[in-house]
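Biologist: Hi, I'm new to this one. Could you show it to me and walk me through it?
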Amino acid sequence: MQSAVMPAAEKPPTGSLVVADEVHRYAAESFAKVLSDSFDHRLGLTATLERSDDGIDRVLLPFFENVISGCTYERGYEDGILAPVNVALVPVPFSPRERARYDNLDEIARGERTNLINKFGCRAEPFGSYLQDVQLLAKDDFNGDASVRSARRYLKAFSDRRDLLASISGKEEALAAIAPVLERSSRALVFAETMSAAASAAETLLQVGIAAAPYTSDLTRNERIALLGRFKRGSLTALAAPRVLDEGIDVPEADVAIVLAASRTRRQMIQRMGRVLRPKADGRAAVFVILYAEGSSEDPENGAHGTFLEQLTEIAQNLETVEVHSVPAVVKEWLPEVKDHEGQALTENDRELAETATATVAQSAAIIQRASSHIRSVVASAVRFKRCEGVDEILREIVDLGPDEAEILIRRFGLDGEEPLDNSSIAAQLDRTYDEVVQLGDDALGRIRLPGVSSRVSDDGSAATCAEHIEGQNQTPVREPELGQRHDPPLVEHPSRRAGDNSAHVDVEKGPQKPFGTRRIQLPTKTSDRPRNRETGNRVAIYMECEGGFVPGAMLDTSDWSVVLDYAIVGRRNFEGPDEAARAQLRFYGDSERSTVDGWSLWKVKKSGQPITSLRTMPTEVQA
């Protein structure tokens, strides 16, 4: 994949066959370039044909044309290619402080969910469709629009609530209580939400004698290969992973999964199931132990809304809700003891590797946590006390990162003066996957130099530096102001702004419209693609007459003929052209019988009432 998208990649000859594994990935803009019309024969493979954007309908279905349905887990059992599964649901209590924070986030998420469904047209069910609609709304460039603000508030509260549920103290205590029964397991996987949680889980298991290690993207490639090799051989019997094991890694020996963090999407749940439901040599059933916060949105008694738990429970041959202290007895009944452990003893080298990996991941997670806390504190100070110097210091460090890394941190922490966004919203805006956004952002936080925060250490022992350097550039030191100083910082001439240099720079423009002034950031090797000012440009107000007397409005951009609806339709406002936008409007208002739709004649200019096709012959500099 990575080589196929390069400009110098060899073009396929006519009549070629393309086989796209994990085909849902190919809807991303960068990977979609591989889907050439030169391929006369096309096969896409995935367990989960779904995305959080419209890439399935826009990219994949037009290219592959047909979907072969019926490849389900139920059929897998009928065909004998999957192991049976037993599921234990284990309630875990909140601490009083965790409960109070959860109630606050839950109230925000519930309120915004009601608004998004009742006011802004998002589908209520199934939850995956609702979430897709909300993410499409949040991706919109209209920061001031009520529907966009509501979508972003919901996703931020939803994300913070999920992070809280994944890390409550009771789950780690429950894992320690459950751990001894893993001695009966051939291999076990622990699904966590963060690197820190994965490292903590591995440490908990090591302390009770289980040969465990964290398996995260923060480890080097050689370390991950070594850990996976020992896991397959059986000298390591448990891996704890935040996301990296959700997709694409074959671990058929795994027969137990402990889920600390609920699945974010239906696709993630199915991918997790796929890691453990491979048939076992001795015919044993797979076991899932699901830890959930009692009385929360993950609680099956409350519908477990948003956890996609039904994907697993609907195929379970045994499903039981048990208290933590009863889990070992239940799992012992389900899991026969492994008869042959010969050659699987944990050697000193294996233990050293596991402990080193745990310490490495824990250290990296701590650095990321400190960097995040520092940035949030600086931004909060800037908003509250109008002290902007600390923000400018952070921006001067960020501009030396790669373009996407810088963009992710700016949006994650609101360093441009806008509201901070959750990782799902950033992924939708940058056309990246959630996991890519998390990894790129965390990698960046591990490398930037901030006061009082250590940089991640590289293999040669030196502090890790920026991802991208300009060859031959002499770094001119800039005297930085102390955090919290009350003086107006001058416009900093960053060394990378020399003549002919196309790297990043930051301009500071103070203004009353933002909490600490607008920050204009030019990212390295990337032209500025921040949302354009919607008050200017080649935009024309248009409308369209629909069934039932409805007259929806929109804005037409005459520079590229894209259309943005005044009000979202099932969570979507942006369309590539008038035909696509008109077709969506007709379907929404019940007029779906037309075989062809001519949006150029259906949409009309508000001022003149003329079809927008007349604009094709007019100059493009048109104001709305």
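Modeller: Here is a short tour, from the whole chain to a sheet and then to a helix pair.

Modeller: This is a predicted model, where local features need pLDDT of at least 70 and side-chain atom pairs count only at pLDDT 80 or more, while totals for chains, interfaces and linings use all residues. Residues are numbered from 1 along each chain as its sequence is written, and side-chain values use heavy atoms, with hydrogens and water left out.

Biologist: Thanks! How many helices and strands does the chain have?

Modeller: The chain has 19 helices and 16 strands. Helices (H or I, at least four residues) and strands (E, at least two) are DSSP runs, numbered from the N terminus.

Biologist: And what percentage of the residues count as buried?

Modeller: Of the 624 residues, 50% count as buried. Buried means under 20% relative accessible area, exposed over 50%, and partly exposed in between, with a 1.4 Å probe and protein chains only.

Biologist: On to the sheet. In what order do the strands come?

Modeller: Seven strands make an open sheet, ordered E5-E6-E4-E7-E8-E3-E9, with parallel pairing. Two strands pair if DSSP finds at least two bridges between them. At the edges are E5 (212–214) and E9 (318–321), each pairing on one side only. From one strand to the next, the twist averages 15°.

Biologist: Which helix packs on the sheet there?

Modeller: Helix H9 (residues 221–233) does, touching E4, E5 and E6 (238–241), and its direction makes about 140° with that of E6. Contact means heavy atoms within 4.5 Å. Axes are lines fitted to C-alpha atoms, for helices over the stretch in contact, and angles run from 0 to 180 degrees between N-to-C directions.

Biologist: What does E7 pair with?

Modeller: E7 (residues 256–259) pairs with E4 (residues 188–191) in the parallel sense over four bridges. Four bridges also join E7 to E8 (residues 286–293), again running parallel. Alanine 257 of E7 is the bridge partner of leucine 189, and alanine 257 stands opposite phenylalanine 288 in E8. Valine 259 in E7 has phenylalanine 191 opposite.

Biologist: Are the E7 residues buried or exposed?

Modeller: All are buried: Val256 and Ile258 point one way from E7, and Ala257 and Val259 the other way.

Biologist: New topic: at what angle do H4 and H5 pack?

Modeller: They pack at about 85°, with axes 11 Å apart. That makes H4 roughly perpendicular to H5; angles under 35 degrees count as roughly parallel, over 145 as roughly antiparallel, 65 to 115 as roughly perpendicular and the rest as oblique.

Biologist: Which residues meet in that contact?

Modeller: Arg113, Leu116 and Ile117 in H4 meet Phe127, Tyr130, Val134 and Leu137 in H5.

Biologist: Why is H5 described as largely enclosed?

Modeller: Ten of its twelve residues are buried, so H5 is largely enclosed by the rest of the structure. Among those buried residues are Tyr130, Asp133 and Gln135.

Biologist: And what about lysine 119?

Modeller: Lysine 119 lies in the loop between H4 (96–118) and H5. At 60% relative accessibility, lysine 119 counts as exposed.
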